[in-house]
Amino acid sequence: MNVRTVLILLGLALATIFALVCVLLTRGRAPSACQHLPPEQEDPEHGQSLVFADLTPEEMAQVVRYLRGNLGVQLVEASRARPSDNCIASVELQVPAKAEVLRFLDGGGARPPREALAVLYFGNQPDPNVTEYVVGPLPAPTSHRDVTVPKYGGKVPYHRRPALAVEYKQIGEFLKSQVFPTAPAFMRQVMEYDGSSLAVVSAAPRGFQSGDRQSWFVLFQNVSGFFVHPVGLEVLVDHSSLDISRWAVSRVFYNGQYYRDMVQLEGAYVQGRVSVEKVRKAPRDGDFSSMKPRAPSGALFPLQYEPQGPRYSVRNNLVLFQAWSFAFGMSVSTGLRLFDVRHKGQRVAYELGVQEALSVYGSSCPGGMSTRYMDGSFGLGRYASPLVRGVDCPYAATYVDTHSLSEGLRPSRRKASLCIFEHNLGSPLRRHYSNLQSLYYGGLVNSALVIRSIATVGNYDYVWDFIFYQNGAIEGKVQATGYPSSSFLHGDGLRHGNRLWGHTLGTRHTHSINYKVDLDVGGVKNSLVAHDMAFEMTRAPWSPEQQIERPRLTRKVLDTEDQAAFQLHSKMPRYIYFAANSKNKWGHQRGYRIQITSFAGDHIPEASPMERAISWARYQLAVTRRKEEEPTSTSIYNQNDPWTPTVAFADFINNETITNEDLVAWITTGFLHIPHSEDIPNTVTVGNSVGFLLRPYNYYDLDPSIYSHDGVFFTNEQDFMACEINPLACLPQTASCFPKFPPFTYDGFQNM
């Protein structure tokens, strides 16, 4: 073997050794941690969004301190208050008048004074009533004014007040200590009641006429998921008196039969005249209603992460995402709301928010058949749930704490009650593959920003989303989940729903959701325009003896509120948009289109004496002039007195002109839910989602998403494996990193 061969072999051996060493050194190396890049956006407002910010805990405490020292009456802690006491029901931000805010935001005017809205129950005075005060200026209030009469046209009678949690507690104690002991044999032998084995759910509204405060309380086994464990017993309690000792039972229902009270039921039971349907006692975990998984953990579900950090920013109450910016807040009654929504620096909406969530039930039992829940009265913001990382929102989302003061003298913090995240929807926002003439591919991933809250109001969980797309569209969406409400199955119960378990009737019900959408398209003054399509018969120009059905565009300006009020079953133009007083490059009025996704049916017959309280639900869409004295489509006081509603939306529509005016769209979406066996253990969100889209319509000269950094384009003549041509080719380098997931925490069971 010559020297040259030896050197070649030696070189090969050294190269092999070097390669093996490299493999061994890198084999166990984990990918590096993802490096976060700072978001591109800068705050263009320099803190202006704080004009919409929720009250801080310090501000709430100052308001309470002021009220306790300046009203001249004793205020009892609401969590301990009797109906005959005075107490603070809630304190939240008093949103300034729009004209003041716009002068500040757009005209260089002074910042509007910061004020609070306080709702007080005055039970300890000759004329018990509910009073609303505006208190300010904050942070050190020096004055208050009563806004009840200007706001509602009169005092709010005391019987209209939403029930406090303590009132339900007092009724529970009344049932336990005074009502159930009058039927000892029945309660022990049929209900197997031991003092804590039953849970109650209240129906609402509470009677048949103004002034009534009589509520049906439906009893369930006190187990996990008790909403689907009815026991057949329901009690009608008259709690209209401010003296708890005068509360009384008005009627009792058991298994299809009505009794004067529990004493009469006991007597009939002892004499063997009661048809008993004894329910099998469920274990504490609820058995069939338990949400504990029936399968062991398996492979981890897919996770979403941001390889270069979030591309949005959250600063106080301001969110910035690509071309979007908006302020957010949380109302005690209506929940998540947005203000000053801008795209490419231009305001497209002044206010977006939920107004009400209505559920109308039907059943063969009295509690179910009389229930028309108006959940805003209970509080869509008050019952905002703490969110669970990785389930309620993506694990790496930004979670925001909110603060509230309701039913107490001290503010409380709702940990992680809002989440904000960018979401890759896994589909293209737009794309085209060209295999004719030129060969190319162009597309844009549909990545959108989501802000979400979830309200748990009794049995139902509402997932509230506002979604911001790269093409300038906004989506408002609600998904319903939680437990179905149920009644005890007896007699002809299957006329009202499906059997879900042994004695459980899933009661059919409707959901109707109302939104307020205050669009400002190209300025405050807008008009409402409808476009649609109609067929016309015409002769074919190239063959005059033949006719052709030609679709043509129809256009109409809707001049009045009456023309812009579309009842549920009326035909609505398929394109309705707010039109600006400016045009795009092509000569069209710039606009934003309202597109509704809904399966709503009749809310309640208009002949019903309580229909005016929910008259917003007559309309799939109604557009009215914006007025400061018409801030909401309903009132928290409508639930307990729908027969004389404090706010009746139908009165907003009075045929005023809406051409070139500041306009508000009131949108109603909804669906029918007939619970079925797959609603056990509880209802899924799939198929139970409705909402609306706000889409640019000739607002831009072309689709603004063409300027997105996420676009992909390459031709057959380009090297699509080159990073500078196709950023997707670089993912093995740019996205091969280890995300920094924060540790899992949850505070949902603290300070209940």
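Helices here are DSSP runs of H or I at least four residues long, and strands are runs of E of at least two. With that in hand, look at residues 161-256 of this predicted model: the span is 22% helix and 30% strand, and its end C-alpha atoms lie 32 Å apart. UniProt, in an unreviewed entry, gives this stretch the feature "domain: Copper amine oxidase N3-terminal".

Now move along to residues 304-706, which the unreviewed UniProt entry lists as "domain: Copper amine oxidase catalytic". Here the chain is 2% helix and 53% strand. The end C-alpha atoms of residues 304-706 are 24 Å apart.

Let's stay with the record for a moment. The unreviewed UniProt entry puts the feature "active site" at Asp375 and Tyr460. These two are spread over 86 residues of sequence, yet they cluster in space, with a largest C-alpha distance of 9.9 Å. Asp375 belongs to helix α9, residues 375-378. Its relative accessibility is 5%, so Asp375 counts as buried.

Tyr460 is buried too, and so is Tyr462. The rings of Tyr460 and Tyr462 also pair up: their centres are 5.9 Å apart and their planes sit at 20 degrees, so this is a stacked pair. The cut-off behind that label is that planes under 30 degrees apart count as stacked.

That brings us to aromatic pairs in general, of which the structure holds 37. A pair of aromatic rings is described by the distance of the centres and the angle of the planes. Take Trp324 and Phe468: their ring centres are 5.1 Å apart and their planes meet at 65 degrees, so the pair is edge-to-face. Trp324 sits in strand β13 (residues 324-331) and Phe468 in strand β20 (residues 460-468), so the pair ties together parts that are 144 residues apart in sequence. How buried are the two partners? Trp324 has 3% relative accessibility and therefore counts as buried, and Phe468, at 0%, counts as buried as well. Elsewhere, Phe220, Phe226, Phe227 and Tyr483 make up one aromatic cluster.

Next, the empty space. Rolling a probe the size of a water molecule over the atoms shows where such space is left. Fifteen residues line the largest cavity, with Val218, Gly367, Gly368, Thr371 and Ser485 nearest its centre. Which elements give two or more residues to that lining? They are β6 (198-202), β7 (214-221), α8 (366-369) and β22 (486-488). By class, the lining of the largest cavity divides into six nonpolar residues, eight polar and one charged. As for where the largest cavity lies, both domain 2 (165-288) and domain 3 (336-374 + 458-529 + 557-697) give residues to its lining, so it lies between them.

The second largest cavity holds about 90 Å³ of space. It is lined by 15 residues, and Arg82, Pro83, Arg161, Leu164 and Glu167 lie nearest its centre. Helix α5 (residues 165-179) gives the most to this lining, with three residues. The lining of the second largest cavity has nine nonpolar residues, one polar and five charged. Which domains does the second largest cavity lie between? Domain 1 (51-156) and domain 2 (165-288) both give residues to its lining, so it lies between those two.

Last stop: a pocket, which unlike a cavity is an open set of points. The second largest pocket contains about 1600 Å³ of space, and 49 residues line it. Nearest its centre are Arg311, Gln322, Glu422, His709 and Asp710. Two or more lining residues come from each of β13, β14 (335-343), β18 (412-434), β19 (440-457), β34 (711-715) and α10 (731-734). Of the elements, β19 gives the most to the lining of the second largest pocket, with five residues. Sorted by class, the lining of this pocket comes to 24 nonpolar, 16 polar and nine charged residues.

Technical notes. Residues numbered from 1 in each chain as written. Predicted model: local features only at pLDDT ≥ 70, side-chain atom pairs only at ≥ 80, totals over all residues. Heavy atoms only, no water. UniProt positions renumbered as here; feature names shortened; annotations may be inferred. 1 Å grid on protein atoms, 1.4 Å probe; cavity = no way out; pocket = protein on both sides within 12 Å on 5 of 7 lines; lining within 4 Å. Nonpolar A, V, L, I, M, F, W, Y, C, P; charged D, E, K, R; others polar. Domains from an automatic or database assignment. Points joined across faces, edges and corners; volume = space filled by probe spheres on them. Phe/Tyr/Trp six-rings, centres within 6.5 Å; stacked < 30°, edge-to-face > 60°. Buried < 20%, exposed > 50% of the residue type's maximum accessible area, 1.4 Å probe, protein only.
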